[in-house]
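Visitor: Please show me the model. I have some questions about it.

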Amino acid sequence: MRTLRGRLILSHILPLLLIVPIVGFALVYVLETQVLLADFSHELAQHGALSADLASARPAIWSDAAEAHQFVTLFSIRSQSSVMLFDAQGNLLAASEPGYDERLGQPLTLPNLSAALAGEQQVQVDYTRSVQAEIIQVLMPVVGPNQQIMGVVRMSQYLSDVQDQLTRLRYVIAAVLAAGFVLAVVVGLVLALNLGRSLQQVTDAIYGVASGREWKTLPEEGPKEIRTLLVAFNTLIEQLRVLEESRRRLLANLVHELGRPLGAIQSALQALRSGAEQDPELRQELLEGMDTQVHRLRPLLDSLTDLHDQVLGTLELNRQSMALGDWLRRTVSPWRQSAHDQGLHWRTEIPDSLPVLEIDPDRLAQALGNLLSNAIKYTPEGTVSVEASVRDSHVAIVVADTGIGIAPTEQERIFEPFYRSRRDKRFPQGMGLGLSIARDLVHAHGGRLEVASAPEQGSRFTIWLPLDGDQP
Ligand code: ADP
């Protein structure tokens, strides 16, 4: 019994093996004593009463032995029992059973006979397993016209007389219990097979994932515990899919980002080798070009460093009390120059009344920097602005631009690691990590990062920071 299925079936069958025989015996006993024998005794009592009435109407039986014998034989056949007739003194007058000839005319000592001679009806049931024993005895006083006791009719049945009915009853009970047992085993088997199948399905799916064959989610059905297992499994698969997607995008972006500057550097080197070195002007131009390309690799390295931190989970904050207004003005002022360099208008609205918050100034500046660099990068002309205000129980820092905007379908995806829009090829894109990192940093502060944007209408990124520190 090493399988769960086998154990379940066994746990179904073992109690039944114990319970079914006990219930069977109890049922047989109760039905035989309380129902069947009660029924027989009632029937026999009715025959007894009828025979007593007829006996009182046939006075000849008390004096004529042949009449008496005919009487007991007749009733014995009718009631399928053994019948005896006693006179008022308790002497045996006739018996339907053979073997009593010797004792005719003599008194018989029988239990309760004297009570019957005194006028009381007697119905006695003895439950016994011996086939030869009497189980029902009925003693009916025969009352004469003047209410005097003329004698007693005794009817009795042996166990062997009712054996057929009892055997039939036992067969019926055994058949019913056997059917119940088979049904229980079948139900147990079906349940165990179902459970085994669900577990096997999850196991196969896990092997499928482990061997890289397929990443399929499973239908969440079945009993509660199995459903919970399936939900957990499907969540895991979704996480793995996101991770796998990130990994693919990372590789594609890396190849792309490394390929471009390396290709340019390689061409410049080749040009230098094949004689461009002799021309000082061309040489200078090529060297400057190489320098620019090497500089282009810098942000890539920064992004990879951030990613490294993110993967290692080292987003630990070094919180300090900061007057948010002053900090914000200081932090965004370097970006004014970048905006102006791009020919953009720059606008800030940072009130002095902003509260003091517990923040990690460097980490939050990094998040803000990612938003501002995007705003400047994706705005060919117009304005980039930073506004801050207290709303409800939060400080809202809004970085807005009038740039190319983001399509609604992309607005959720831009926060995924390595996601970058393919919509507008005019703009040099980064590794697709800036927003993902910004969101993680804001989350680490207990806040959230939201976007509102429409294509060609510009974008508004809002950092919500809770006033009372950490909030989920
Ligand atoms: P990247 O470093 O490639 O800019 P981000 O994670 O910062 O990556 O941004 C992901 C994508 O979101 C970008 O590729 C860009 O398409 C879009 N995006 C981000 N900020 C803006 C913005 N202010 N205006 C328009 N598109 C934006």
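Visitor: Is Asp279 buried, partly exposed or exposed?
Guide: This is a predicted model, where local features need pLDDT of at least 70, side-chain atom pairs count only at pLDDT 80 or more, and totals for chains, interfaces and linings use all residues. Residues are numbered from 1 along each chain as its sequence is written, and side-chain values use heavy atoms, with hydrogens and water left out. Buried means under 20% relative accessible area, exposed over 50%, partly exposed in between (1.4 Å probe, protein chains only). Asp279 has 37% relative accessibility, so Asp279 counts as partly exposed.

Visitor: Where does Asp279 lie?
Guide: Helices are DSSP runs of H or I, at least four residues, and strands are runs of E, at least two, numbered from the N terminus. Asp279 sits in the loop between helix H6 (224–273) and helix H7 (280–312).

Visitor: How are the rings of Phe71 and Phe75 arranged: stacked, edge-to-face or tilted?
Guide: Rings of Phe, Tyr and Trp (its six-membered ring) pair if their centres lie within 6.5 Å; planes under 30 degrees apart count as stacked, over 60 as edge-to-face and the rest as tilted. The structure holds 2 aromatic pairs. In Phe71 and Phe75 the centres are 5.1 Å apart and the planes at 45 degrees, so this pair is tilted.

Visitor: Which helix holds Phe71 and Phe75?
Guide: Phe71 is buried, at 0% relative accessible area. Phe75, at 1%, also counts as buried. They are 4 residues apart, about one turn, and both lie in helix H3 (residues 65–79).

Visitor: Which residue forms an aromatic pair with Phe415?
Guide: The pair is edge-to-face, with 6.5 Å centre to centre and 75 degrees between the planes. Phe415 is buried at 4% relative accessibility. Its partner is Phe461.
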